[in-house]
Amino acid sequence: MKRISYILLASLLAFGMASCGNDESTDYDNSVTISGSVTIDGKTYSNPTFNMGTSMEVEGYTYLYDTPTAQIYFTAVYPKTEMINAGSGFNVHYYMVLEDNKPGTAGLTGTIMFHKNDSLVLFLESKDVQTTIEKIDPIGGFIEATYIGTFSDNSNTPKTYTVTGKIKAKRVEEPTKK
């Protein structure tokens, strides 16, 4: 019986150590995946997924925009700090606006800026992006959403990319209400 327990324990330890071997996880709270190939800072990546921060590094708030004919609600999402380590030697900063403040389908407008060594190496802006807002908790809770759509870069010969991503941000009070 001791021998079986020892073998089982050794097997579990080996499995646990093997599963820790990959530091480049793609299971992020906030992420963006660019479909196809994209060249960033001279290197070509195929279907890369980038870290956009943990749920505690990203925050968001809802706000009301009054027009003469309507009141429109939005939800802004962005990193709390200047930059997030996106992996592969890049830092990222972004600002996204979900075009609603409740669960359901909505549009998304936003920019994603990749930096390397303090230099901007890729700037993406949304063109046609749809979001599924899964939840917007009260202040102190979370904002969760997924998105898919087209972003374009700002190069001399602009390219478009299909992107998918997910958002999980700590909900905070609207800055103008503080």
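A residue counts as buried when its relative accessible area is under 20% and as exposed when that area is over 50%, with partly exposed lying in between. The structure described here is a predicted model, and its secondary structure amounts to one helix and twelve strands. Of the 178 residues of the protein, 40% count as buried.

**Overall organisation**

- Read from the N terminus, the elements run α-β-β-β-β-β-β-β-β-β-β-β-β, so that the helix precedes the strands by the numbering that starts at the N terminus.
- Among the contacts in the protein with a separation of 6 or more, 49% are accounted for by residues 24 or more positions apart.
- The protein exposes about 10,400 Å², of which carbon and sulfur atoms supply 53%.

**Nonpolar cores**

- The largest nonpolar core has 33 residues, and those with the most contacts inside it are Ile112, Phe114 and Ile167.
- The elements that give two or more residues to this core are strand 1 (31–34), strand 2 (37–40), strand 7 (84–87), strand 8 (90–98), strand 9 (104–116), strand 10 (119–136), strand 11 (142–153) and strand 12 (160–171).
- A second, separate core consists of seven residues, including Tyr61, Ala76, Tyr78 and Val97.
- Once its neighbours within four places in sequence are left aside, Ile112 is in contact with Val32, Met52, Val92, His93, Tyr94, Met96, Leu122, Phe123, Leu124 and Phe151.

**Salt bridges and the accessibility of their partners**

- Lys127 forms a salt bridge with Glu125, in which the closest N and O atoms are 3.8 Å apart; Lys127 is exposed because its relative accessible area is 53%, while Glu125, with a relative accessible area of 30%, is partly exposed.
- Lys135 forms a salt bridge with Asp137, the closest N and O atoms being separated by 3.5 Å, and Lys135 counts as partly exposed, its relative accessibility being 31%.
- Lys135 and Asp137 also belong, together with Glu144, to a network of linked salt bridges.

Notes: Residues are numbered from 1 along each chain as its sequence is written. This is a predicted model: local features need pLDDT of at least 70, side-chain atom pairs count only at pLDDT 80 or more; totals for chains, interfaces and linings use all residues. Side-chain values use heavy atoms; hydrogens and water are left out. A nonpolar core is a set of buried Ala, Val, Leu, Ile, Met, Phe, Trp, Tyr and Cys residues joined through side-chain atoms within 4.5 Å. Buried means under 20% relative accessible area, exposed over 50%, partly exposed in between (1.4 Å probe, protein chains only). Helices (H or I, at least four residues) and strands (E, at least two) are DSSP runs, numbered from the N terminus. Contact means heavy atoms within 4.5 Å. A salt bridge is a side-chain nitrogen of Lys or Arg within 4 Å of a carboxyl oxygen of Asp or Glu. Accessible areas come from the Shrake-Rupley method with a 1.4 Å probe; for residues, only the protein chains shown count as cover.
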